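This report describes the fold, the helix packing and the charged contacts of one protein model. The sequence and the structure are shown first.

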Amino acid sequence: MSDSKIQIMVLDDEEIVGKRLKTALEKSAYDVEVFQDSRQAVDRIAEKEFDIVVTDIRMDGIGGMTVLEHVLKKSARTKVIVSTG
């Protein structure tokens with residue numbers, strides 16, 4: 001088993017959602033990056049392979065389904081959780 005932490009991206013245009021998820025996930029010893037801007041998140045996905053991406057489905061700019069497409073192009077092993085308020 002690897003000693004590296006699970007890498008999680010949280011993408012939600014509501015700041016409070018990202019803050020709460022980050023706090024909860026870090027308590028479970030995950031590495032978490034939070035984004036409110038979907039374009040910045042897609043750029044980061046191009047740079048780094050995450051284990052899990054949690055994304056809101058409806059956001060200004062790039063929506064959650066498009067983010068899902070970018071994730072799957074980058075890594076078929078990355079799990080994606082799509083949520084909505």
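## A contact at the start of α2

A polar contact is a pair of N or O atoms within 3.5 Å; within protein, one of them must be able to donate a hydrogen and the other to accept it. In this predicted model, such a contact is found at the start of α2, where a side-chain oxygen of D37 comes to within 2.8 Å of the backbone nitrogen of R39.

## The sheet

Four strands form an open sheet in the order β2-β1-β3-β4, and their pairing is parallel. The edges are β2 (31-35) and β4 (79-83), each of which pairs on one side only. From one strand to the next, the twist averages 15°.

Five bridges join β1 (residues 7-11) to β2 in the parallel sense. Within this pairing, V10 has V34 of β2 as its bridge partner. Helix α1 (residues 15-27) packs on the sheet, where it touches β1, β2 and β3 (52-56), and its direction makes about 175° with that of β2. Helix α3 (residues 64-74) lies across β1, β3 and β4 and runs at about 160° to β3.

Helix α2 (residues 38-47) has S38, A41, V42 and I45 as buried residues. These four lie on the same side of α2 because they cover an arc of only 100° around the axis. The cover over the buried residues of α2 includes β1, β2 and α3. On the other side of α2, the exposed residues are R39, D43, A46 and E47.

## Salt bridges

The structure contains eight salt bridges. One of them joins the side chains of K5 and D31, at 3.9 Å from N to O. This pair links distant parts of the chain, with K5 in the segment before β1 and D31 in strand β2, 26 residues apart. K5 is partly exposed, with 42% relative accessibility, and D31 is also partly exposed, at 32%.

K19 and E15 meet at 3.3 Å, N to O; both lie in α1, four residues apart, or about one turn of the helix. E15 counts as partly exposed at 44% relative accessibility. E26 and K22 meet at 2.9 Å, N to O, and because they are four residues apart in α1, about one helical turn separates them. Both are partly exposed, E26 at 38% relative accessibility and K22 at 28%. Elsewhere, salt bridges that share partners join E33, R44, E47 and K48 into one network.

Notes. Residues numbered from 1 in each chain as written. Predicted model: local features only at pLDDT ≥ 70, side-chain atom pairs only at ≥ 80, totals over all residues. Heavy atoms only, no water. Pairing = 2+ DSSP bridges. Helix = DSSP H or I, 4+ residues; strand = E, 2+ residues; numbered from the N terminus. Axes fitted to C-alpha atoms, helices over the stretch in contact; angles between N-to-C directions. Contact = heavy atoms within 4.5 Å. Buried < 20%, exposed > 50% of the residue type's maximum accessible area, 1.4 Å probe, protein only. Arc of directions from axis to C-beta. Salt bridge = Lys/Arg side-chain N within 4 Å of Asp/Glu carboxyl O.
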